[in-house]
Amino acid sequence: MTEERKVSESKVEIVHMIRPNHMNAAGRLFGGMLMQWLDEAAGMVAMRHTRSNVITASVDNLRFIHGAYNGEMVVIIGKVTYVGNTSLEVRLDTYVEHLENGMRHPINRAYFTMVAMDENDRPKQVPRLILETEAEKAEWQAAEKRREMRMRRKEEGF
């Protein structure tokens, strides 16, 4: 029987407080630090979905929308958007949460492609994804287009 999991079963929300050691020379959150946090979050989402070890195969559409500053809370929300045979796409949305009113403002969106690994470090089949909402179905369709673009870039050597 083929395993299946809902999008909601692997959703992750992680909160980080930006500290001085996370800052770049311009006084903002260092992009490399955010990339590390995103990679960790993508790994957690993928591990929850696959219930196995995973590796990061690619990152695309890592778009910095706004800066984040010392003392702010950064919230990263990750979810599975698409599954293939041995890989899956994880969408990560990053927000700054303002303490005075709890409002969240987007600062980044990224898509990671993760590959599930078996006990011998070989790619393994991932569970199918159950799409329950229209938003999840729309995200799947958009993910199919992103996958096609990734495949085209790979063929062209990018």
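Are Tyr 82 and Trp 140 buried or exposed? In this predicted model, Tyr 82 is buried, and Trp 140 is buried as well; the views below begin with these two residues and then turn to other parts of the structure.

**View 1. The aromatic pair of Tyr 82 and Trp 140.** The count of aromatic pairs comes to one. The ring centres of Tyr 82 and Trp 140 lie 4.4 Å apart and the ring planes stand at 45°, so the pair is described as tilted. Because Tyr 82 belongs to strand β4 and Trp 140 to helix α2 (residues 134-155), the pair ties together parts that are 58 residues apart in sequence.

**View 2. Strand β5 and its two antiparallel partners, β4 and β6.** Of the eleven residues of strand β5 (residues 87-97), nine are buried, so the strand is largely enclosed by the rest of the structure. Strand β4 (residues 73-83) runs antiparallel to β5 and is joined to it by ten bridges, with Val 74 standing opposite Val 96 of β5. Strand β6 (residues 104-117) is also antiparallel to β5, and eleven bridges join these two strands; here Tyr 95 has Pro 106 in β6 as its bridge partner.

**View 3. The hairpins on either side of β5.** Between β4 and β5 the chain passes through a hairpin of three residues, whereas the hairpin of β5 and β6 has six residues between the strands. In the hairpin of β5 and β6, Gly 102 takes a positive phi near 75°.

**View 4. Asn 108 and its surroundings.** Asn 108, which is placed in strand β6, is buried, with a relative accessible area of 2%. A polar atom of the Asn 108 side chain lies 3.0 Å from the backbone oxygen of Arg 63. Leaving aside residues up to four places away in sequence, Asn 108 touches Leu 34, Leu 38, Leu 62, Arg 63, Phe 64, Ile 65, Leu 92, Asp 93 and Thr 94.

**View 5. Helix α1 and the residue that follows it.** Helix α1 (residues 31-50) has 20 residues and reaches 28 Å from its first C-alpha to its last, close to the 28 Å expected at 1.5 Å a residue. After α1 comes Arg 51, whose phi is positive, near 55°.

**View 6. Arg 146 over the ring of Tyr 111.** Arg 146 lies over the face of Tyr 111, at 3.7 Å from the ring centre.

Technical notes. Residues are numbered from 1 along each chain as its sequence is written. This is a predicted model: local features need pLDDT of at least 70, side-chain atom pairs count only at pLDDT 80 or more; totals for chains, interfaces and linings use all residues. Side-chain values use heavy atoms; hydrogens and water are left out. Helices (H or I, at least four residues) and strands (E, at least two) are DSSP runs, numbered from the N terminus. The expected span of a helix is 1.5 Å times one less than its number of residues. Buried means under 20% relative accessible area, exposed over 50%, partly exposed in between (1.4 Å probe, protein chains only). Two strands pair if DSSP finds at least two bridges between them. Rings of Phe, Tyr and Trp (its six-membered ring) pair if their centres lie within 6.5 Å; planes under 30 degrees apart count as stacked, over 60 as edge-to-face and the rest as tilted. A charge sits over a ring if NZ of Lys or CZ of Arg is within 6 Å of the ring centre and within 35 degrees of the ring normal. A polar contact is a pair of N or O atoms within 3.5 Å; within protein, one must be able to donate a hydrogen and the other to accept it, and residues adjacent in sequence count only if both atoms are side-chain atoms. Contact means heavy atoms within 4.5 Å.
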